[in-house]
Amino acid sequence: MENFLRDPVPEEASKQLSAIYSERQTCLKGPFDPDFLIFSSLISKYFKGDIGVSFKEPCPLRAERRENGNYLVYKDAEYYLGPSSFSSLLPLTLDDLVPILSGISSDLILRRRKLTEWERKVLNNAERLNLKVEKSLRLPGYNEVPLFLSIYYSLDPFIPEISGNRENSLKLVREIGGNEFTKLGDLDEAQLNSLIFRLISSISRLNPKVTRDDLIEERFFFGNFDFLELGFLSIFLMDLYGYPGLFRLASEPSYPSEMVVVYRETLSRGLTLSLQDSKDYYLVETSLPSPTLLYLIAKQLGKIKVEKPVVAKVGDKLIPSRYFSR
Amino acid sequence: MENFLRDPVPEEASKQLSAIYSERQTCLKGPFDPDFLIFSSLISKYFKGDIGVSFKEPCPLRAERRENGNYLVYKDAEYYLGPSSFSSLLPLTLDDLVPILSGISSDLILRRRKLTEWERKVLNNAERLNLKVEKSLRLPGYNEVPLFLSIYYSLDPFIPEISGNRENSLKLVREIGGNEFTKLGDLDEAQLNSLIFRLISSISRLNPKVTRDDLIEERFFFGNFDFLELGFLSIFLMDLYGYPGLFRLASEPSYPSEMVVVYRETLSRGLTLSLQDSKDYYLVETSLPSPTLLYLIAKQLGKIKVEKPVVAKVGDKLIPSRYFSR
Amino acid sequence: MLARELKGEEAEVITEEEAEEAISAFRKVRGKRDKVHDAELKVYSEIAESLFEVRLMKVVEGKRLDSSFDSWIQEVVTKMREFYVNLLTGGYVTKGNKVLCHVKTEVAHGGISLKPGDYLLTPAKTALYLWLQDLVEPARSS
Amino acid sequence: MLARELKGEEAEVITEEEAEEAISAFRKVRGKRDKVHDAELKVYSEIAESLFEVRLMKVVEGKRLDSSFDSWIQEVVTKMREFYVNLLTGGYVTKGNKVLCHVKTEVAHGGISLKPGDYLLTPAKTALYLWLQDLVEPARSS
Amino acid sequence: MLTVKYKALKRLVRAKKKKVDVIDDGITIDLGHEEVKLIKGSQAEIPIWLTEILEQEGYVSPSPISIEEISKYLYQEKQNSTVPGSLVQLPWDFYMRAKATLSELTKGKSIQEVERLNKISYMINEVVRIRLRKIIQLASLNVGDQTILSKLTPEENLIFLELKKNLEIINGDIGGNTIG
Amino acid sequence: MLTVKYKALKRLVRAKKKKVDVIDDGITIDLGHEEVKLIKGSQAEIPIWLTEILEQEGYVSPSPISIEEISKYLYQEKQNSTVPGSLVQLPWDFYMRAKATLSELTKGKSIQEVERLNKISYMINEVVRIRLRKIIQLASLNVGDQTILSKLTPEENLIFLELKKNLEIINGDIGGNTIG
């Protein structure tokens, strides 16, 4: 209860973090989600001695998600973060910008929340590293890929019968006067409005309260990377490769762009999902081997009635996610 | 306090011990003294999996010396042993008789006590393994070595100016009509009485209460081994080689007899000791590299006023004993 | 043993029993420290060293030690080889000279204690040693 | 690297940097899984394997790797050799195939956790692995 | 050691480059450390392992060894079969190509093909036999002449060095340099 | 591999036994696996490393190599210096004794002693040179005849086997047995 009285102190937590680098060896504890995995990878990357990342054992540095928000605990000191992501606490450098964006974005997606004040400040700071900001549609990668693919790849918002369906996505673009090469930027005002109208009417079948403001937001880009897509990518990597996948995202410079390709390739296989309600989990027959992304979609489709894990079934293979075992 | 009400239950403790062998791996905890070191060596010897012996860490099986006596603790069960040694709890076999005798004897010497009822029962049982019992003088190895050497080697009782002094030992034997070849068994009644008289008068200068009964006791022999001497040997090995020394005593069949030779050779260098009282310890310049045996002698000589460690100085080398760090 | 080993192309089988026999004979020698026995020990220590070297070489050449007392030489070489190849061809997740390891069995390493499912980033050498003990598994990059 | 290695009698120095360069080139190859790149990876994995074998052989023959990224090969061989000699010539305190070890650093082995000064009786193989990590020291019999 | 080194060499040469004729449409392959561009009608330098794949796919033409080629070497080699220094310069990939050619020929079933196989196989053996004899002599004479050594294939060079080293070990120990 | 095996062999032969004349009072030594009893005036079979100690202490007489002995072998060896099969049977400890003798002689300071050293050293070299040549030929001819091989010392035997093995590796790969 008392925590309600507190103000979040991410700055202090951020400062405290530098203390960890003077340890000879250490370990970090936190939940198994992309934000913490990236956070701990970035710390590990610069740590000199042996460093462990644990999901169960007590460690000197702990990232904790409690009911009233996130906490960073270092030895005896506890820092309240509010809903701010752990990745947002790390020093902003050109090398680490992509992983930090990925961590923040994944957290926004998974917790279905907006940027905190602190995170907004972090992103503003990132503008001097050439982070570009624009107000536009919440469709992934629209600067890089044709519009119909952006729609096709969109998982949040998931546009029923259109997202994950190549023909329907392309059909939609054609209907507003575009073709398979048209990019979002090529649309004129009228086409854009018509697109937004179509998207809203499609989504509103599931969520009647959806408005234009839910679809248009501040969008961030860094080089070829789309902040929003990096969030999806992180969730995808977590499910596919676990910690090593996000560790590589955080530490190998060429890895993120290689993985964006893999991620898009995977989505290009099309997205069908048939959900079965099992006793302990939801089983989703699909081509997308990421239970957490499927969970996200199913939730939007209103198919998740009770909170329990999603298990993907791709071909004969059952794919669970450690994300749900937290 | 409540423990005063309890009767010792060594039989039960002894039975409980067999349970340990069904563990896949384990560790034993106890004090650093020859009795526990032999006890744990004998258990290790037969244990199938990995086994640790710890002096600090909590373990499933613990040998504890408390103020009111010894305890064997296995998981949640606690067995009161009274003063009985831990080694006496182990199953008596031909292979293990020498180490078990060594463990019991070392404990009698270090704690300056008599056999407990349980230990007496164990030794009686050992008679079917050919343990010989006789009532005779408390001088080490008198069946094996000439009498003057037995006197020369005697550390408990330590006979002032005679033990550790080859000339004086031989002189004493000559004075009662023997020579350097005479064994204790060669003495007639009159010579024996004269010997005992001389020993008592020598010892009584330090300890006026000494009687014939202190010098004559039940003596145990097994093959070439003297129970009393095995006790000294164990203390010697503990100081010289630590746990590995007693582990070998317990597990290598030819080791005890080899070490008796080494032990006697060391004593043959003569025993001089000059004791200095340092702040944290007593420093003894000597030729005997066993602080614990030196402590035993110094105690008899009334030179230990305060309980603190003895450190041996042999040549330029300082030799402490882990026995005192308990 | 070394004589047999030098003659054959294959690695000879040396059973636990044969090894123990040798060990207890040498214990006796070690018990007596004088000129002759020190020399004897030196001669046989060198022979044991060569026995090790010849057998290790044979293992590298692909011979097997399966039922011998020293079959761990084979295990070490096999795992070192696999580790080396994966390390050098980018098969492991690394950062500088450190390798990311997946913890398989409860492990206390230095001041760090970790549970199965946790991860450890540690120098290649340590990663190899922990892997030899099956405490961890280096994380694969693909 | 292997070409250099085959030419010289001595073991070549392969720095951390050279190794890292190779590693990141292979990472790129591993990123692309097709017939050509699988074949490339196989060719170079075999070359890495041979590089390991040749260097290991050289180490056994007494050459040194001090400043190379794989200097641990030398450490492993040196310690294995010493361990082997001591084990076989009765230089360690043993019982059957187990070796008594003196604990040097806090160690949690299986379910057992021990502090410096404690002892562990464990199969020769494990004793070697723990010793490689400097967690224990096999107890000397003399 | 030779077993291991020889295996190493066999692997290593597969990464060596050789010139090939590009006979089909160009492709570009990114090998990680470099890019390979194939342009139809031109020559390209590519690693041997890659030629094997590209031959199968018909991108480049294989270069089998012909009876004429072997005959030439065999004839020259026989001219001075007892003079160690008279080694003929072989192409560095001679043995590899020989092996590839032979294994290609074993697939043939007709009498002519089997005869051809036997003939080539016999001639290659003769070349090996004569050259090895010369190499052993060179090694035991402790020759270090670069112009002679440059005539050896990588396989032969390895054998030569190894033989020489082994002979040195023995000579050094029980021979002249005994003292000290 | 030869380096390692050769080192191993050198170490191993020191544990081999040889007959020595006992020239001083008997002693008994427990070597762990066996006991050695020395009785003055008799012959005893003891390991070489032990003879070295006992020679120093004067218990047994050393057995240096004499010029006459070497001359004999050298003469016989030269008789058919180009026929590989004509190897003379050397005592198995020939090289060891030769080495011991040479290192004993290097301690001498007088002109006669130095001359003697040079002469013996030269002759031993000649024996080694001729025998090695024969051994190399035997190996390259792939001889397996036991009566010839039994004439080799342990050192020579190791070299022979190693050479043969190395040649087989190469022959097996690039020579006749290529196919398959």
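## The interface of chains C and D

The rule finds four salt bridges across the interface of chain C and chain D. A salt bridge here is a side-chain nitrogen of Lys or Arg within 4 Å of a carboxyl oxygen of Asp or Glu. Glu53(C) and Arg81(D) are joined by a salt bridge between their side chains, at 2.9 Å from N to O.

This is a predicted model: local features need pLDDT of at least 70, side-chain atom pairs count only at pLDDT 80 or more, and totals for chains, interfaces and linings use all residues. Residues are numbered from 1 along each chain as its sequence is written, and side-chain values use heavy atoms, without hydrogens and water.

## Area and contacts

Chains C and D make the most contacts among the 10 pairs of chains that touch. Contact means heavy atoms within 4.5 Å. Chain C gives 56 residues to the contact, and chain D gives 56 residues.

About 5200 Å² is buried between chain C and chain D. Buried area is the accessible area (1.4 Å probe) that two parts lose on being put together, summed over both. Carbon and sulfur atoms give 67% of that area. In chain C, the most area is lost to chain D by Trp72(C), Tyr84(C) and Leu88(C), together 16% of what that side buries.

Chain A does not touch chain B; their nearest C-alpha atoms are 20 Å apart. Chain A does not touch chain F either; here the nearest C-alpha atoms are 37 Å apart.

Helix H3 (residues 35–60) of chain D meets helix H1 (residues 2–13) of chain E. Helices are DSSP runs (H or I, at least four residues), numbered from the N terminus. The two axes come within 9 Å and cross at roughly 155°. Axes are lines fitted to C-alpha atoms over the stretch in contact, and angles run from 0 to 180 degrees between N-to-C directions. That angle makes H3(D) roughly antiparallel to H1(E), a term for angles over 145 degrees.

Among the residues in contact are Glu46(D) and Ile47(D) of H3(D), and Val4(E) and Lys5(E) of H1(E). By class, this contact of H3(D) with H1(E) has six nonpolar, one polar and six charged residues.

## A helix pair within chain F

In chain F, the axes of helix H4 (residues 94–105) and helix H5 (residues 111–140) come within 10 Å and cross at roughly 155°. H4(F) and H5(F) are therefore roughly antiparallel.

Conventions:
Chains are lettered from A and ligands numbered from 1 in the order in which they are written. Helices (H or I, at least four residues) and strands (E, at least two) are DSSP runs, numbered from the N terminus. Angles under 35 degrees count as roughly parallel, over 145 as roughly antiparallel, 65 to 115 as roughly perpendicular and the rest as oblique. Ala, Val, Leu, Ile, Met, Phe, Trp, Tyr, Cys and Pro count as nonpolar, Asp, Glu, Lys and Arg as charged, and the others, Gly among them, as polar.
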